[in-house]
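Subject: Structure handover

Hi,

Here is the structure I promised. Please look it over before reading my notes below.

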Amino acid sequence: MSFVRDTGIVFRRQLRLSLREPAWVAIGLLQPVLYLVLFGPLLKPLAAQLGTTNAYTLFVPGLLVQLAIFGSLFVGFGLIGEVRDGVIEAERVTPASRTALLLGRVAKDVLTLAVQGAILILLGFAFGMTGSPIGILLGYLLALLLTGAVACAGYALALTVKTEDSLAAVANGVTLPILLLSGILLPMTLAPEWLQAVSNVIPIKHIVDGIRNLFAGTPWTAGTTWAVLWTAVLVIAGVWIGTRTFRRQNA
Amino acid sequence: MIHATGLQRTFVTKKGRERSVVTAVAGVDIDVAEGEIVGFLGPNGAGKTTTLRMLTTLLTPTAGTATVAGHDLLTDPVAVRRSIGYVSQSGSTGRQARGGEEIVSHGMLYGVSAQHATARGRELFDQLDLDGLWDRKTGDMSGGQRRRLDIAMGLVHDPRLVFLDEPTTGLDPQARANLWEHISDLREKRGSTVFLTTHYLDEADALCDRILVIDRGVIVASDTPDALKRSVSGDLVSLTVKGGADVATAATTLAAVSEGEVSTDGLQVSARVRDGGQEMPDLLRSLDIAGVDLDSIALSRPTLDDVFLAMTGRSLREDA
């Protein structure tokens with residue numbers, strides 16, 4: 001059980017350091033609120049055109065996935081600082097499992113999203129979102145798993161590119177097409193056929209669709225299964241790549 | 001404590017399409033006995049840190065085998081990690097983190113309880129003159145304090161073998177002298193074996209029982225600091241005579257006791273003399289008999305820089 005214990009030690013250290021940054025806490029809590037308050041009203045009159053009766057039931061799941069991806073792909077910035085300070089090397093010379101060094105950090109990122117996501121969903125209800133409670137819970141869990149997968153990838157990326165400048169370039173380069181092509185802000189059903197075809201190859205698009213279905217409480221479809229499968233695949237791939245990078249890295 | 005054979009590490013670098021293999025460490029043999037303080041001396045880029053990273057399981061050797069603290073480096077790296085402490089060049093703590101928290105977290109990663117790690121951490125803070133800094137952010141500590149904290153981090157699990165990578169680089173002279181004391185204490189008070197790298201000659205000289213000289217990935221010498229210095233053909237004796245007329249006589253007299261060349265610079269005549277201190281009374285008598293009117297005489301022991309120069313044909317300082 002030393003693996004779980006090591007993960008816990010790394011997790012608590014990361015959480016302690018993050019909580020001590022007031023800006024990190026404030027922005028983290030404010031982000032979901034701003035999206036909902038400043039962008040939500042724009043969608044409200046469009047609800048009928050979007051094929052739904054409640055804009056928030058459509059919008060909140062998208063935001064959840066956006067927070068999951070965008071927050072987590074940039075976690076590598078902190079890691080690069082830690083490499084520079086020698087923290088990673090000091091941890092790697094202890095007998096702790098390399099996977100624990102990674103997952104302890106990822107656990108903090110998942111907890112961050114858990115709090116942000118909970119605020120988002122509760123606020124969504126306050127704004128008039130309706131939906132299936134069980135579906136919302138399942139969708140929330142999928143978003144947490146997705147966060148874990150993306151955070152793993154973010155750390156692996158940071159250890160590979162090694163500098164903040166290249167990390168920013170690569171992460172932005174990756175997130176922009178994902179944001180545009182996975183129907184996070186507006187569902188891809190609005191898109192012309194060619195654009196839909198392109199978006200179909202993006203796993204995140206299927207996850208967003210699946211989480212929307214779950215939130216709306218529509219019956220379980222093949223699409224929902226795909227969302228679960230894609231999330232599982234991304235989690236496995238993320239942990240595998242992340243651990244491999246942590247093990248191999250000679251930074 | 002350390003037994004390494006043919007340890008080698010190459011890196012592949014890409015320059016455009018051209019791939020070239022760079023040999024950082026070209027097969028070194030290292031033997032360190034329990035309780036020794038051994039210094040790894042060489043210019044920057046000689047392969048010191050690469051060797052250290054291999055011995056501490058951070059880098060997989062391209063070839064060679066090693067037993068570190070009784071465990072095989074390649075087949076049982078976790079057991080090696082458990083028995084060694086490593087103080088790296090780049091530090092070990094987060095700037096925003098507090099000293100005490102860092103050492104407790106670090107200790108716990110070795111499997112001890114929070115309570116035990118705290119007790120051990122407090123003890124080390126006390127021993128390393130860090131009292132009062134438990135709750136200070138490491139980013140607010142001085143360079144010397146942070147370095148001592150790094151050492152405390154490396155000692156939290158009571159390792160029998162401690163690796164220090166350039167422990168005093170970037171410290172002011174006082175902090176260096178202070179740190180040297182703490183490094184000697186590692187053995188005197190705790191019985192640890194210490195393996196350190198340095199490119200400072202005085203550091204290797206002051207701390208180490210034995211010095212391994214590494215240059216371009218190859219160990220070129222291994223001996224005590226004194227023996228290494230003796231291997232440079234003797235001490236430097238410099239005579240300054242009062243009048244130009246005496247220069248030639250002084251040179252001849254000096255040449256009689258020296259195995260090397262005698263060099264003359266104005267009124268100064270110098271040469272290397274084996275066991276210069278013992279030769280000195282005889283030399284003075286001979287000079288007196290020859291009627292040389294001396295202004296001054298100086299004897300200087302060879303430095304490790306002279307050793308390095310003699311072994312590699314290059315000065316250590318050029319690279320450092």
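In this predicted model, 44 Å separate the centres of domain 1 and domain 2 of chain B, taken over C-alpha atoms. Domain 1 covers 2-229 and domain 2 covers 234-301; these bounds come from an automatic or database domain assignment.

Some conventions. Residues are numbered from 1 along each chain as its sequence is written, while chains are lettered from A and ligands numbered from 1 in the order in which they are written. As the model is predicted, local features need pLDDT of at least 70 and side-chain atom pairs count only at pLDDT 80 or more, whereas totals for chains, interfaces and linings use all residues.

Sheet S12-S13-S11-S14, chain B

This is an open sheet of four strands with antiparallel pairing. Helices (H or I, at least four residues) and strands (E, at least two) are DSSP runs, numbered from the N terminus. Two strands pair if DSSP finds at least two bridges between them. Strands S12 (263-265) and S14 (294-300) of chain B are at the edges, each with a single partner strand, so one side of each has no neighbour in the sheet. Neighbouring strands are turned by 20° against each other on average, direction ignored. Axes are lines fitted to C-alpha atoms, for helices over the stretch in contact; angles run from 0 to 180 degrees between N-to-C directions.

S12(B) pairs with S13(B) (residues 268-273) over three bridges, in the antiparallel sense. There, B:Asp265 is opposite B:Gln268. Helix H9 (residues 247-257) of chain B packs on the sheet and touches S11 (235-241), S12 and S13. Its direction makes about 5° with that of S13(B). Helix H10 (residues 276-289) of chain B also packs on the sheet, touching S11, S13 and S14. The direction of H10(B) makes about 165° with that of S14(B). Contact here means C-beta atoms, placed from the backbone, within 7 Å.

Sheet S2-S1-S4-S5, chain B

Here too, the sheet is open, with four strands and antiparallel pairing. Strands S2 (18-32) and S5 (71-72) of chain B are the edges; each has a single partner strand, so one side of each lacks a neighbour in the sheet. Twelve bridges join S1(B) (residues 2-15) to S2(B). B:Gln8 faces B:Ala26 in S2(B). Helix H1 (residues 48-55) of chain B packs on this sheet, touching S1, S2 and S4 (63-68). Its direction makes about 120° with that of S1(B).

Chain A

The axes of H2(A) (residues 22-43) and H3(A) (residues 55-73) come within 11 Å and cross at roughly 140°. Among the residues in contact are A:Tyr35 of H2(A) and A:Phe59 of H3(A). By class, that contact has eight nonpolar, two polar and no charged residues. Ala, Val, Leu, Ile, Met, Phe, Trp, Tyr, Cys and Pro count as nonpolar, Asp, Glu, Lys and Arg as charged, and the others, Gly among them, as polar.

A:Gly223 is in helix H11 (residues 222-248) of chain A. Leaving aside neighbours within four places in sequence, A:Gly223 is in contact with A:His206, A:Asp209, A:Gly210 and A:Asn213.

Interface

The contact takes 24 residues from chain B and 20 residues from chain A. H3(B) (99-108) gives the most to the chain B side, with four residues. By class, that side has nine nonpolar, eleven polar and four charged residues.

Best wishes

How values were computed. Contact = placed C-beta atoms within 7 Å.
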